[in-house]
Amino acid sequence: VVSVTATLLSLLVFDHQHRRNDDQRERERREEDRNRAAETRKSDVRLRGDFLKGRLGRITSSYNGTKRARRKVRAMGLSHEPGRTWLDLARYDECMADVSDAQLELETIKGDVKTSEGAYPSAAHLTPQLKSMEQYLGELIEEYEKVRSRTTDGDTAILLIKLPRFADFVGPSEGSNFDKRYSDAHSAARAAIRNDLQQLASAPM
């Protein structure tokens with residue numbers, strides 16, 4: 001009887017210890033799962049943050065490139081006479097090459113936002129700003145292609161009055177389409193992405 005009782009007691013102790021070990025392993029497994037999930041969320045937040053910062057940098061780079069081209073042509077491409085202003089065609093070509101690069105980049109970014117809308121919480125606000133910037137530059141390019149195709153090899157300059165869109169681009173900023181459709185839109189686009197970054201930074205891990 002004692003032997004049987006001891007055996008049963010031993011089995012009960014073994015079973016209890018086995019269950020405790022199983023419970024411990026289950027707790028450890030759940031803790032590992034939670035840690036992995038937390039690391040995955042952190043990694044996802046970092047990747048999304050890097051993605052948004054990359055797009056912000058590209059938008060700013062396009063804008064700054066256009067601004068540099070604008071300043072250069074204003075300083076070196078315009079010749080003023082009483083009642084009229086001439087634009088050097090070589091400087092015009094250089095400027096529009098930079099404008100074209102910026103327009104293509106903005107067009108690409110706008111497409112990125114459309115296809116990866118989930119990565120941009122502010123996509124509904126961001127997209128029209130990028131569209132405004134891209135379309136403004138596109139209209140400059142359209143005017144350039146139309147006017148430049150009519151010039152001859154002997155032409156070195158053109159009257160600025162014949163280029164109303166480019167005149168807006170190089171003219172005073174206040175009240176211009178350049179200010180409203182490009183500069184202001186750029187500021188709004190940056191604000192939208194920065195808001196996305198702030199929301200991402202404050203999101204629970």
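User: Let's start with the sheet: how many strands form it, and in what order?
Analyst: Two strands pair if DSSP finds at least two bridges between them, and a strand is a DSSP run of E with at least two residues, numbered from the N terminus, as helices are (H or I, at least four residues). In this predicted model, where local features need pLDDT of at least 70, side-chain atom pairs count only at pLDDT 80 or more, and totals for chains, interfaces and linings use all residues, 3 strands form an open sheet in the order S1-S2-S3, with antiparallel pairing. Residues are numbered from 1 along each chain as its sequence is written, and side-chain values use heavy atoms, with hydrogens and water left out.

User: Which strands stand at the edges?
Analyst: Strand S1 (78-81) and strand S3 (157-159) do; each has a single partner strand, so one side of each is left without a neighbour in the sheet. On average, neighbouring strands are turned by 25° against each other, direction ignored; axes here are lines fitted to C-alpha atoms, for helices over the stretch in contact, and angles run from 0 to 180 degrees between N-to-C directions.

User: What are the bridge partners along S2?
Analyst: S1 and S2 pair over 4 antiparallel bridges, and Glu-81 has Arg-84 in S2 as its bridge partner. The hairpin of S1 and S2 has 2 residues between the strands, and Gly-83 there takes a positive phi near 85°.

User: Which residues of S2 make up its covered face, and which the uncovered one?
Analyst: Thr-85 and Leu-87 form the covered face, while Arg-84, Trp-86 and Asp-88 form the uncovered one. Helix H2 lies across S2 and S3, running at about 65° to S2.

User: How do I read the nonpolar core?
Analyst: In soluble globular proteins, nonpolar side chains tend to be buried together. A nonpolar core is a set of buried Ala, Val, Leu, Ile, Met, Phe, Trp, Tyr and Cys residues joined through side-chain atoms within 4.5 Å; buried means under 20% relative accessible area, exposed over 50%, partly exposed in between (1.4 Å probe, protein chains only). Here the largest core has 42 residues, and those with the most contacts inside it are Phe-166, Phe-169 and Tyr-182. The elements giving two or more residues to this core are H1 (2-76), H2 (89-115), H3 (123-148), H4 (164-170) and H5 (177-202). H3 gives the most, with 10 residues.

User: What does Phe-166 touch?
Analyst: Contact means heavy atoms within 4.5 Å. Not counting residues up to four places away in sequence, Phe-166 touches Val-73, Leu-87, Tyr-92, Cys-95, Met-96, Leu-140, Glu-143 and Leu-160.

User: How many aromatic pairs does a search of the whole structure find?
Analyst: Rings of Phe, Tyr and Trp (its six-membered ring) pair if their centres lie within 6.5 Å; planes under 30 degrees apart count as stacked, over 60 as edge-to-face and the rest as tilted. The search finds 9 pairs. In one of them, Tyr-92 and Tyr-144 have ring centres 4.9 Å apart and planes at 85°, so the pair is edge-to-face. Tyr-92 lies in H2 and Tyr-144 in H3, so the pair ties together parts that are 52 residues apart in sequence. Both residues are buried.
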